[in-house]
Amino acid sequence: MGATIGYVDKCNLMSRRRFMAATAGVVASPLLPNRGLATGLHTFGHGAFDIRVCSDGHMVVPASMLAIGAPVDKLAEVLRRTNAPAPMAWPAANIPLIQIGRELVLVDVGDGKNFQPTEGELLSCLRVNGIDPASITKVVLTHAHPDHLWGICNSAGELNYPNATYHVGSAEWNFWMSSDVATSLPADFRGIVPRTQRALAAIADRVTFVKHGDEIVSGMRVLSTPGHTPGQFSLELEGDTGLIITADALTHEVISFEYPEWVNGFDLVSDIAIANRRKLLALVAAERTKLLGFHFKYPGIGHAEKSGSAYRFVAA
Ligand SMILES: [Zn+2]
């Protein structure tokens with residue numbers, strides 16, 4: 001898959017009630033029980049890679065945020081099929097840990113219990129499974145949203161993965177670190193800027209900027225899939241069938257596949273996100289590429305199949 005999936009040449013960030021407004025008020029309650037971590041890590045081999053899927057827990061978000069303006073009956077049907085506690089959805093937080101040779105690569109770091117009370121389980125998940133965070137050699141950050149980035153430091157401001165190098169899209173870094181990012185965001189997103197900038201600043205002396213086509217390690221390449229955020233990317237891993245770690249180019253195992261045109265309220269540049277979602281789905285369905293989705297039901301592995309005018313996700 002050689003071509004960049006899409007480009008961002010503008011940041012027409014639509015003003016809409018979302019992100020902070022949708023998530024900041026969510027607290028743990030008896031009505032919103034933590035679904036708990038999957039016990040034991042899902043593990044599989046792909047080409048030269050050994051992959052373990054860790055969990056950071058799950059998010060609790062209003063389902064309507066994942067499908068702004070969607071027909072109410074269709075969204076209700078999706079929630080029934082995914083056993084979601086309507087009107088909320090519980091997107092998972094699947095974090096791949098990938099071993100190849102002497103490299104141990106973590107893809108995103110979860111929210112570090114700094115964003116939602118049902119997340120922030122990654123470090124416990126690693127420790128329970130005998131994985132020392134200090135043994136991780138590379139951390140890849142697909143984008144800088146709280147659920148992917150804010151677990152980078154402990155409460156003392158020290159890096160949770162002290163021996164890693166950090167790999168971030170330069171477009172993503174430049175967007176979030178710009179001095180006027182807050183004013184370029186809708187009002188209800190602005191609250192995440194200070195912590196996001198602190199998290200990125202913490203890795204400033206260890207960061208490697210990457211762009212489409214760059215190799216993180218041999219056989220693992222950056223696939224640019226912007227739209228969810230301006231510099232978001234996915235990862236392509238070489239192997240028999242191909243594997244794409246989608247990050248948030250695809251965010252839901254039903255909605256993203258069956259209704260790719262629905263507006264996701266977390267997509268900062270929605271028209272580009274939708275266009276890239278369609279391009280990615282067409283490519284992976286044609287090539288029957290294996291997918292690993294951050295927010296799909298754990299462990300988030302499967303493939304896309306053409307279904308009518310859209311697609312469906314077939315879990316492995
Ligand atoms: Zn996410």
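## Exercises on strands and a zinc site

In the predicted model, Val105 stands opposite Lys138 of strand β7. The exercises start from this pair.

**Exercise 1.** State which strands flank β7 in the pairing and in which sense, parallel or antiparallel, each pairs with β7.

*Solution.* 
- Step 1. Strand β6 covers residues 103–107, and β7 covers residues 138–141.
- Step 2. β6 and β7 run parallel and are joined by three bridges.
- Step 3. With β8, β7 again pairs in the parallel sense, this time over four bridges. Leu141 has Val168 of β8 opposite.

**Exercise 2.** Decide whether the two faces of β7 are covered or open.

*Solution.* 
- Step 1. In a regular strand, side chains alternate between the two faces of the sheet.
- Step 2. Lys138 and Val140 are on one side of β7, Val139 and Leu141 on the other.
- Step 3. The cut-off for buried is under 20% relative accessible area. The four residues Lys138, Val139, Val140 and Leu141 are all buried.
- Step 4. Both faces of β7 are therefore covered.

**Exercise 3.** Give the strand order of the seven-stranded sheet and name its edges.

*Solution.* 
- Step 1. The order is β1-β2-β5-β6-β7-β8-β9; the sheet is open and its pairing is mixed.
- Step 2. β1 (42–46) and β9 (207–210) are the edge strands, each pairing on one side only.
- Step 3. Neighbouring strands are turned against each other by 25° on average, direction ignored.
- Step 4. An antiparallel pair is found at β1: five bridges join β1 to β2 (residues 49–58). His42 has Val53 of β2 as its bridge partner.

**Exercise 4.** List the protein donors of the zinc ion, classify the geometry of the site, and say which parts of the chain the two histidines connect.

*Solution.* 
- Step 1. The donors are Asp147 (OD), His148 (NE2), Asp248 (OD) and His295 (NE2), at 2.1 to 2.3 Å from the zinc ion.
- Step 2. Along the chain, the donor spacing reads D-H-x99-D-x46-H.
- Step 3. His148 is in helix α4 (residues 146–149) and His295 in the loop between β14 (290–293) and β15 (301–307), so this pair ties together parts 147 residues apart in sequence.
- Step 4. Angles among the four donor atoms run from 87 to 168°. A tetrahedral site needs all angles between 85 and 135 degrees. The site is classed as irregular.
- Step 5. His148 has a relative accessible area of 0% and is buried. His295, at 6%, also counts as buried.

Terms used. Residues numbered from 1 in each chain as written. Predicted model: local features only at pLDDT ≥ 70, side-chain atom pairs only at ≥ 80, totals over all residues. Heavy atoms only, no water. Donors = N, O, S within 2.8 Å, 3.2 Å for Na, K, Ca; no water. Tetrahedral: all angles 85-135°; square planar, octahedral: opposite > 155°, others 65-115°. Buried < 20%, exposed > 50% of the residue type's maximum accessible area, 1.4 Å probe, protein only. Pairing = 2+ DSSP bridges. Axes fitted to C-alpha atoms, helices over the stretch in contact; angles between N-to-C directions.
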